[in-house]
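Colleague: I have a model open and want to learn how to read it. Can we go through it feature by feature?

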Amino acid sequence: MIELINITKKYGNFLALNKINLTINKGEIVGFLGRNGAGKSTLMNILTGYISMSEGEVRIHGIDILEEPEKVKKNIGYLPEIPPLYVDMTVKEYLRFVCKLKEVSKERIQSEIFEKMSFVSIEFVQNKLIKHLSKGFKQRVGLAQALIGNPELLVLDEPTSGLDPKEIIEFRQLIMDISKNSTVILSSHILSEVQALCHKVMIINEGQPLLITDPNEYLNDHLIIRIKATENEIITCLQQIPFVKSYKKIGSYELNTLDFLLISEEKLDIRETVFRSFSHHQLPLLMMKQQNNHLENLFLHATNEKAGVKS
């Protein structure tokens, strides 16, 4: 289990991350979504121990990353957006170098290299200089180095960035195969990729955690509403509306209002029922918008640049 507890990062007066809390279970694929500069890479760098947090704790299997950094880092594999490759080495030389850095035993080095090369399908370019490889193969070499030592946590920052459609499909399959034995955390701008891969998604905007959710929760028709009322008043009303499968508070985007996402029974249009119910309770319904594009619409709504106070 990986636990992020009140993770906060400040650069002087600039608040890059603000009280991030997240629990990740073994074998889960978790996605970080956000615009450029939202704080995704900062959070990943903290997770890997590359930079320290200003406040909070990161625990991997109960071990604090700051108290026992060496022990924790041995269980983490990291693939940054730009893989850390020594391009004047051959693929095999580079992976041997990584094995030594990760203190793989001498007896295991040869088998470890070939095991990882075979897994990511780069064994036939093992004797080529890395600088002569395509973007896709460089990314595969970067993934192979992250897998050296069989880490329990794999952190991938924009893993399919710059790949062609065929390479993206193949890379997604690799990530799903990896999750059978490791926990995977990834960031991506490709919403369909996150929806296809992830068990859990955290949407981050300007360092704030806006929403943590199962991306497949939004495969049914859903409705976003904006009500001028207190949270308790809204929930009391929602609990009385038929055919509302579930609901979730998204945030506050106008003064004295709250936005909620309603999940309806599949293919049911509940707009009229919702309108009548809030009208009956004399609660002003300021906006109602039916969405069928799942995670994309939720992401755009949650990261609205005109948002006021966020949840």
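Colleague: Which strands does helix H1 lie across?

Modeller: Keep in mind that this is a predicted model. Helix H1, residues 40-47, lies across S1, S2 and S4. Its direction is about 120° to S1.

Colleague: What is the strand order in the open sheet?

Modeller: Start with the general idea. Strands of a sheet pair through backbone hydrogen bonds, either parallel or antiparallel. Here, four strands form an open sheet in the order S2-S1-S4-S5. The pairing is antiparallel.

Colleague: Which are the edge strands?

Modeller: Look for strands that pair on one side only. In this sheet they are S2, residues 14-24, and S5, residues 63-64.

Colleague: How many bridges join S1 to S2?

Modeller: Seven, and the two strands run antiparallel. Isoleucine 7 stands opposite isoleucine 20 in S2.

Colleague: Which residue takes a positive phi in the hairpin of S1 and S2?

Modeller: Glycine 12, with phi near 65°. The hairpin has two residues between its strands.

Colleague: How many bridges pair S1 with S4?

Modeller: Five, again in the antiparallel sense. S1 covers residues 2-11 and S4 covers residues 55-60.

Colleague: On to helix pairs. At what angle do H3 and H5 pack?

Modeller: Read the angle along with the distance between axes. H3 is residues 91-101 and H5 is residues 135-147. They pack at about 25°, with axes 9 Å apart. Angles under 35 degrees count as roughly parallel, so H3 and H5 are roughly parallel to each other. H3 passes H5 in a right-handed crossing.

Colleague: Which residues of H3 meet H5?

Modeller: Val91, Tyr94, Leu95 and Val98 of H3. Their partners in H5 are Val141, Ala144 and Gln145. Sort the residues of this contact by type: six are nonpolar, one is polar and none is charged.

Colleague: How far apart are the axes of H5 and H6?

Modeller: The axes of H5 and H6 are 11 Å apart. H6 spans residues 165-178, and the packing angle is about 10°. H5 and H6 are therefore roughly parallel to each other. On the H5 side, the contact uses Gly136, Gln139, Arg140, Leu143 and Leu147. On the H6 side, it uses Glu167, Glu170, Phe171, Leu174 and Ile178. The contact of H5 with H6 has five nonpolar, two polar and three charged residues.

Colleague: And at what angle do H3 and H4 cross?

Modeller: Roughly 125°, with the axes coming within 10 Å. H4 is residues 106-119. H3 and H4 are therefore oblique to each other. Their crossing is right-handed.

Colleague: Which residues of H3 meet H4?

Modeller: Val91, Lys92, Leu95, Arg96, Cys99 and Lys100. In H4 they meet Ile109, Gln110, Glu112, Ile113, Phe114 and Met117. This contact of H3 with H4 divides into seven nonpolar, one polar and four charged residues.

Colleague: Last, the whole chain. Into which domains is the chain divided?

Modeller: Domain 1 is 2-213 and domain 2 is 222-291. The C-alpha centres of domain 1 and domain 2 lie 38 Å apart.

Key
Residues are numbered from 1 along each chain as its sequence is written. This is a predicted model: local features need pLDDT of at least 70, side-chain atom pairs count only at pLDDT 80 or more; totals for chains, interfaces and linings use all residues. Side-chain values use heavy atoms; hydrogens and water are left out. Domain bounds come from an automatic or database domain assignment. Axes are lines fitted to C-alpha atoms, for helices over the stretch in contact, and angles run from 0 to 180 degrees between N-to-C directions. Angles under 35 degrees count as roughly parallel, over 145 as roughly antiparallel, 65 to 115 as roughly perpendicular and the rest as oblique. A crossing is left-handed if the near helix is turned anticlockwise from the far one by less than a right angle, and right-handed if clockwise. Contact means heavy atoms within 4.5 Å. Ala, Val, Leu, Ile, Met, Phe, Trp, Tyr, Cys and Pro count as nonpolar, Asp, Glu, Lys and Arg as charged, and the others, Gly among them, as polar. Two strands pair if DSSP finds at least two bridges between them.
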